[in-house]
Amino acid sequence: MSKLFIKCPRCKTTHFISFLKHSAYVCSKCGYHFRLDAPKRIKMLCDKGSFREFDKNIKSLDPLAFPKYKEKLEASMNKTGLKEAVVTGECKIGGFPTTFGVMDPRFIMASMGSVVGEKITRMLEFSYENYLPAVLVISSGGARMQEGIYSLMQMAKTSAAVKRLNDRGLPLFTVLADPTTGGVTASFAMLGDVIIAEPDALIGFAGPRVIQQTIGQKLPKGFQKSEFLLEHGMLDMVVPRKNLKAVLTSLLEIHSTRPYENLRGER
Ligand SMILES: [Zn+2]
C-alpha cells in the first residue's frame, strides 16, 4: 500500500503526497526540495511522450564478489523497477532535441558503478555521433564502493566522453540535486558547460566531517550547499525546481539548431 502523507524533513509540515505532486515535490511552507526518482524527473522535464530510453536492460555484475552486493542490487531493482541507478535516453525539452540522463537516488543512493558509468558514457557518445546537446540530472552518493576500482575507472571514462563532446562544440548541461557527492562530483557533474543546482542541495567531494578533521578548522555556515557554492564560483545558477524546465529550454534554445547544422555540414 502506498503512503498518503509525507513529512517535510526540514520544517516537519505534513503533506498529502498527492498534493505535493502539484508543487513539483517542493514543500509549500519552507521550500524544501524533496528527492525525486528518475521517472518523476522524466515526466517533469521531458516533453510528453518524447523520451526514448537507451540501454534499459544493462545490469551490474559483482566483479569483486563483494559481500551482500548481489542482494542489494536485487532489492534495489525490486524497489524501483529499474535495472540500475541511472536512466538515459534522448528526448525533447521545450521542443529542443537533446540526450537526457537522470540518476535515481532510490537505487543504492545512485552510486556510480560500471553500469552507471557505461550508460552515461554511451549517452554522451550518442550526443557526439548525432550532434546533440546533453542534459544530466544528477544526485549521487559517489563511486560505488562495492565495485572498487571498476567504479573509480568510470570517473575517467565519463570525463573523457565529456571532453569529446566539448571538442565537437556540443554543450553538456548538468543539474545537481541533493545530494551530489564523491566521485560523481569529481567527474561529469562538475564538467557541465553550465552547472545548475537545485536550492539547498548538498554538493561536495568529501563530507564536511572528514574535511573538518583533516584541516582541523571549523567550516563556515552553509558549506557545501548550492547557495554557498554559487557565491564561491563553483556553480553557474541555483534554479528552483519549478523553473527548471524553462531554464533548460532557454539554454537549449540558445545553444541549438544553427551551430549544430553547421557542424553537420562540415562532416
Ligand atoms: Zn518544509
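Me: How many helices and strands are there in the protein chain?
Reply: Bear in mind that this is a predicted model. Going along the protein chain and counting both kinds of element, you get 10 helices and nine strands.

Me: Of the contacts between residues at least 6 apart in sequence, what percentage join residues at least 24 apart?
Reply: Start with the contacts in the protein chain whose partners sit at least 6 apart in sequence. Then keep those whose partners are at least 24 apart, and the share is 69%.

Me: How far apart are the end C-alpha atoms of helix H3?
Reply: H3 covers residues 69-80, which makes 12 residues. At 1.5 Å a residue, the helix should span 16 Å. The model agrees with that, since the end C-alpha atoms are 16 Å apart.

Me: Within what arc do the buried residues of H3 fall, seen down its axis?
Reply: The buried residues of H3 are Tyr 69, Leu 73, Ser 76, Met 77 and Thr 80. An α-helix has 3.6 residues a turn, so residues three or four places apart point the same way. Down the axis of H3, the buried residues line one face of the helix, because they fall within an arc of 100°.

Me: Which exposed residues sit on the face of H3 turned away from its buried side?
Reply: Exposed here means over 50% relative accessible area. On the face of H3 turned away from the buried side, the exposed residues are Glu 71, Asn 78 and Lys 79.

Me: Is Ala 110 buried or exposed?
Reply: Ala 110 is in the loop between strand S5 and helix H4. Its phi is near 45°, a positive value in a residue other than glycine. Buried means under 20% relative accessible area. Ala 110 has 0%, so the word for it is buried.

Me: What is the relative accessible area of Tyr 131?
Reply: Tyr 131 lies in the loop between H4 and strand S6, and it has a positive phi of about 55° although it is not a glycine. Tyr 131 counts as buried because its relative accessible area is 4%.

Me: Which residues does a cis peptide bond join?
Reply: Look in strand S7, where Pro 179 has its place. The bond has an omega of about -10°, and it joins Asp 178 and Pro 179.

How values were computed. Residues are numbered from 1 along each chain as its sequence is written. This is a predicted model: local features need pLDDT of at least 70, side-chain atom pairs count only at pLDDT 80 or more; totals for chains, interfaces and linings use all residues. Side-chain values use heavy atoms; hydrogens and water are left out. Helices (H or I, at least four residues) and strands (E, at least two) are DSSP runs, numbered from the N terminus. The expected span of a helix is 1.5 Å times one less than its number of residues. Buried means under 20% relative accessible area, exposed over 50%, partly exposed in between (1.4 Å probe, protein chains only). The arc is that of the directions from the helix axis to the C-beta atoms. Contact means heavy atoms within 4.5 Å.
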